[in-house]
Amino acid sequence: MLSGWENYGTLLIASFTHLWIIIPAVVLGILVGAIPGFSAQNTLLILLPLTLVMDIDTSMAFMVSVYCASHMGAGIPAILINMPGTGGHAATCLDGFAMTKQGRSQEALAISAFASVVGGLFTTILAIAFLPFLSRMGLYLHSVDMVVIMVFGLCLIAMIATDDLVKGLIAGFFGLLMGVVGTDFIYGTPRATFGFIELYEGVPLVPALIGLLAISEALVMFERESVALSSEEARQKVSGWTGTFEGIHQCIRQWWILAWTSFIGLLIGIVPGAGASIASFVAYAQARLFSSDPQSFGRGSPAGLIAAESSNNGVTSGTLVPLLAIGVPGGTTAAVMAVVLQYNGVLLGPRLFTDRPETAYGIFFSMLAAYIVMVFLVLPLARYVGTIVLVPTRVLVPLILSLTVVASLANRGYVFDIYVALVFGVIGYICRRTGYNVIAVLIGVLLGPLFEQYLLRSLRLGQGDLQILFSSSIGNTLWGLLVLSLALQWWKGRRMRRALRNGPAAKETINPY
Amino acid sequence: MDDHLSRETSPGAPKRALGADLLIPAVAGLFALYFFWDTWNLKWEARINGILIGVPLLGLIVLKIASMAIAITEGRASMRLGSIAAWTPDQRRRLVLLAVFAGFAMLIGWLGVTLSLFLALLASLWILDVRSPALLVLLPAGTAALVYVLFIAVLDKRMPYGPVENLLAPLLVGGGI
């Protein structure tokens, strides 16, 4: 085990000797994060031959830098054009894009960068301090609990993102059912594939993400002159540094939301498979729950954006904890890292901390260095990147459509995926026009395969008996909380509708997303 | 979300147009029924997930239809589709844009990604009333070139080849730069 400030200090200094690789890795990570379909794991897989020839500390510094920076980069298109680079940034769209429409893109980008970096730094420090303890957390959760967590997460999204609970739940369950399409995990039998062999692996996630968010948004966007509702106002706001300073100020002013939600990200990141998609929505719901102005969420609330972005980056530290401590990768990127570590003869698990503490802790110190580099690289760019909202939509929309259909093709190389993106684009467009939340559909599609895995594991343990789903104390507590939340939301919705009928002023209370 | 469109009201018709609110439940319901039908004869492990998701989904749809029926019988809403089915210039553009990119998918096998992207982008700019010759040529050409360099030359992604890619293929040694 590593102990003593001198040892921590030595490792921190050592991580800065890798700046030559961290800086280009951060730039690369931001770029690949911002392009849908170019996830960090795909980039790391493409560059695997390169990382295998580096020494272990350098390759890990490179990989964690790409990973952390891609998490931040994926927030940029989510804020500017409502197109998250990954599913984990869907929550960023809620308030980030709303801010852009108000001409506050620079402020939103600064919040995203600052919250990501501070959230990442904070959770990395926590991970370093409590690594052995945190690593045991994932062991307490069983597959039954994971099923409940996912249902809970999905219902939470349905509740947050729409003013009509039934519509939100229909959207979420519809997404979840689409996520189950493809061959089943045990017998490999195709289900609901409409006879398309391309759907045997399930609904392709990148085209679904692109269709539901980017294409559907583009189909609505061209009705306006520019992304921002008032282009003149937006022009004034992006012309100076005011937005950047305002964004930083908002993060500092709401520091407790930043700290709390990034901690949520860390905890959820530790649970293998849970990931940023769940973390960002749980954190968003928490921030909204404790907010003095919950109605502003979804309408350009800085607090909502802080919660989504800081939790996203909190996940990055959390994902690595089970990998290093028990040898179970918390996500696909961590799985790629596991390959590199094992290739270099590093034995993952508890012994790693006694045999090679400099490698175990060195990874987190490299992460710390990457986040520090990001502050200086990304924050100054917010002003310039934010000007994209000034491009007229008649130019921006064709560009978005062209680049996103190519991105949907790039992931698997199937032309079929372009049709999938277009079909999901139409579904997303109808959802937007009729008040069914597209993000709930998307999260359902993302969680579908994972949900099935955990559900089948639980049911096989219970020999097909559904009562197994109510056999765990953690799970039962969550079921109880879920029922309570749904009842509360239904009651609030009923009160709101009654208020709406009584006076037009009450209409302001409706969440516009 | 365009909330005003789902709950639109006009001076002449104070009732909310709720017909469009049934589109997603209809698609979702039909999909759930197709899922049940397609997995009917499979082992329980392959069916159970669809049942556990599909049954609550159908229940929610019934709930939604019931709440709409109540609103309609109370005279607060109508079954009109609202603006989603209105034949406006924007609606026409939307459909033509979708047709252009469906055409892009159909032609990409013959024309290759670079040329078909150039044509699709050119067509969609024209549909959205861009008439500047410089923009109409440079933007599609620049974007197609960027896609070629990034996806084919640098990353060596599996993209459909056409005349442009075949012409430039000798420049790429070993499949990528």
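I began with helix H5 (residues 133-154) of chain B: its 22 residues should span 32 Å at 1.5 Å a residue, and its end C-alpha atoms are 30 Å apart, which agrees. The expected span is 1.5 Å times one less than the number of residues. Helices (H or I, at least four residues) and strands (E, at least two) are DSSP runs, numbered from the N terminus.

I noted that this is a predicted model, in which local features need pLDDT of at least 70 and side-chain atom pairs count only at pLDDT 80 or more, while totals for chains, interfaces and linings use all residues. Residues are numbered from 1 along each chain as its sequence is written, chains are lettered from A and ligands numbered from 1 in the order in which they are written, and side-chain values use heavy atoms, with hydrogens and water left out.

**Entry 1**

I looked up the buried residues of H5(B); among them are B:Leu136, B:Pro140, B:Val147, B:Phe151 and B:Ile152. Buried means under 20% relative accessible area, exposed over 50%, and partly exposed in between (1.4 Å probe, protein chains only). Their cover includes helix H22 (393-412) of chain A, together with helix H4 (89-127) and helix H6 (163-168) of chain B; contact here means heavy atoms within 4.5 Å. Just after H5(B), I found B:Asp156 with a positive phi of about 55°.

I then turned to helix H2 (residues 23-39) of chain B, where 17 residues reach 24 Å from first to last C-alpha, close to the 24 Å expected. Its buried residues include B:Ile24, B:Phe31, B:Tyr34, B:Phe35 and B:Phe36. Helix H11 (165-179), strand S2 (190-191) and helix H23 (416-434) of chain A are among their cover, as is helix H3 (44-73) of chain B.

**Entry 2: the interface**

I recorded 69 residues of chain B in contact with 74 residues of chain A. The two chains bury about 6,400 Å² between them, 77% of it on carbon and sulfur atoms. Buried area is the accessible area (1.4 Å probe) that two parts lose on being put together, summed over both.

**Entry 3: salt bridges**

I counted a salt bridge where a side-chain nitrogen of Lys or Arg is within 4 Å of a carboxyl oxygen of Asp or Glu.

A:Lys167 and B:Asp21 meet in one of the salt bridges, at 2.9 Å from N to O. This pair crosses between chains, from helix H11 of chain A to the loop between strand S1 (16-17) and H2 of chain B. A:Lys167 is buried because its relative accessible area is 4%, and B:Asp21 is buried at 2%.

B:Arg94 and A:Glu223 form another salt bridge, at 2.0 Å from N to O. That pair runs from helix H4 of chain B to the loop between helix H12 (205-221) and helix H13 (231-238) of chain A. B:Arg94 is buried, at 4%, whereas A:Glu223 is partly exposed, at 34%.

Salt bridges that share partners join B:Asp90, B:Arg93, B:Asp129 and B:Arg131 into one network.

**Entry 4: B:Asp90**

I placed B:Asp90 in helix H4 of chain B. With 23% relative accessibility, B:Asp90 counts as partly exposed. Leaving aside neighbours within four places in sequence, B:Asp90 is in contact with A:Phe222 and A:Glu223.
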